[in-house]
Amino acid sequence: MERIDKIISNNTNLSRNDVKKYIKNKLIIVNNKIIDSPKIKIDPNVDKIFINGEILKYQKYVYLVLNKPKGYVSATVDNLSKTVIDLCPDKFKNRNLFPAGRLDKDTTGLMIITDDGEFAHNILSPKKHIKKQYYVVLSGNLDNIMIDEFYSGLVVGNEKFKSAKLEILSNNTCYVTLTEGKYHEIKRMFKKYNLDVIELKRIMMGNLFLPDDLDEGECRELTSEELKKITS
Ligand code: URA
């Protein structure tokens, strides 16, 4: 059971205050009964909620896929920069959305945004070994020897990185697949070889590729098939 004002604000772009006004104007109906208080608790899985005559589509959680552009930080709030949450559809703005994992400000590509903490924890846990694949452009040349070194687990200073897959595409472009997500991981791995990362784009999480209908900066809900692919 949950408060009616919370359910409505989470599932629309109405604020709790807006909901109060709707209630005052007798515009909120649950199972044929006019609601007279925002504190009333109902079961959104069972009860039918109408707002000004329109049925509410209730969703417990929201799962969004974003094609992250450069210049946005992977956080919910930031004093200086725009955040990935700013790119989410307005109708979800009353939810506590957060990015499931981080991409650097200058990294682009696949990002999952949700309000389901357990799901986020699951896809980020190193124990689950969910792979994340990146397309990388480097400042200099790759060498075949690096394939084995990445596979064995690079040691950079005091840091040991987990086994990673390096697929060389050209002298300075490659795919890297990681199963962990350490801070600046790919940039630090290539630093070992005095290479700078010029472009970094995440293209896959689990078995979900960045959907090709999403331009940079676009964000939409995942289909249930896409959602399953992340963990399958
Ligand atoms: N590795 C990095 O260095 N940066 C990212 O954003 C992701 C992986």
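Predicted model: local features only at pLDDT ≥ 70, side-chain atom pairs only at ≥ 80, totals over all residues.
How many of the residues of strand S11 (residues 108–114) are buried?

1. **Strand S11 and its cover.** Seven of the seven residues in S11 are buried, so this strand is mostly covered. If you are looking for a place to begin in the structure, residues 108–114 will take you there.

2. **The partners of S11.** Strand S7 (residues 63–68) runs antiparallel to S11, and six bridges join the two. Strand S10 (residues 98–99) is also antiparallel to S11, with two bridges between them. Strand S17 (residues 197–205), by contrast, runs parallel to S11, again through two bridges. As background, strands of a sheet pair through backbone hydrogen bonds, in either a parallel or an antiparallel way.

3. **Residue pairs to look for along S11.** Ile113 of S11 has Leu64 standing opposite, and Ile113 is also the bridge partner of Pro99. Thr108, for its part, stands opposite Lys201 in S17.

4. Which residues are around the ligand? They are Leu103, Asp104, Thr107, Tyr134, His184, Glu185, Ile186, Lys187 and Leu200. Asp104 has a side-chain N or O atom 2.7 Å from a nitrogen atom of the ligand. The side chain of Thr107 places an N or O atom 2.9 Å from an oxygen atom of the ligand. With Glu185 the backbone is involved: one of its N or O atoms lies 3.4 Å from a ligand oxygen atom. On its own the ligand has 240 Å² of accessible area, and the protein covers 96% of that.

5. **Strand S16 and its neighbours.** Is S16 largely enclosed or left open? Five of its six residues are buried, so S16 is largely enclosed by the rest of the structure. Strand S12 (residues 132–138) pairs with S16 in the antiparallel sense over six bridges, and in this pairing Lys132 stands opposite Leu178. Strand S15 (residues 165–170) is antiparallel to S16 too, with five bridges joining them. A hairpin of two residues connects S15 to S16.

6. **A closer look at Thr173.** This residue is in strand S16, which spans residues 173–178. Thr173 has a relative accessible area of 12%, which is under the 20% limit, so Thr173 counts as buried. Ser170 stands opposite Thr173, and the side chains of these two residues make a polar contact at 2.6 Å. Leaving aside residues up to four places away in sequence, Thr173 touches Tyr135, Val136, Val137, Leu142 and Ile168.

7. **A four-stranded open sheet.** Turning to another part of the chain, you will find an open sheet of four strands in the order S3-S2-S5-S6, with antiparallel pairing. Strands S3 (33–34) and S6 (54–55) are at its edges; each has a single partner strand, so one side of each has no neighbour in the sheet. Helix H1 (residues 4–11) packs on this sheet, where it touches S2 and strand S5 (49–51), and the direction of H1 makes about 65 degrees with that of S5. Strand S2 (residues 28–30) pairs with S3 over two antiparallel bridges, and Ile29 has Ile34 of S3 as its bridge partner.

8. **Ser9 in helix H1.** Ser9 belongs to helix H1 and, at 5% relative accessibility, counts as buried. Its contacts, not counting residues up to four places away in sequence, are Leu14, Ser15, Arg16, Val19 and Asn94. Ser9 and Arg95 are 86 residues apart in sequence, yet the C-alpha to C-alpha distance between them is 8.0 Å.

9. **Two loop residues with positive phi.** Most residues other than glycine have a negative phi. Asn31 is not a glycine, but its phi is positive, at about 45 degrees. Asn31 lies in the loop between S2 and S3 and counts as partly exposed at 36% relative accessibility. His129, also not a glycine, has a positive phi of about 55 degrees. You can find His129 in the loop between helix H3 (117–124) and S12, where it is partly exposed at 49% relative accessibility.

Definitions and conventions
Residues numbered from 1 in each chain as written. Heavy atoms only, no water. Pairing = 2+ DSSP bridges. Contact = heavy atoms within 4.5 Å. Axes fitted to C-alpha atoms, helices over the stretch in contact; angles between N-to-C directions. Near = heavy atom within 4 Å. Polar contact = N/O pair within 3.5 Å; in protein donor to acceptor, adjacent residues only side chain to side chain. Areas by Shrake-Rupley, 256 points an atom, 1.4 Å probe, with all protein chains shown as cover. Buried < 20%, exposed > 50% of the residue type's maximum accessible area, 1.4 Å probe, protein only.
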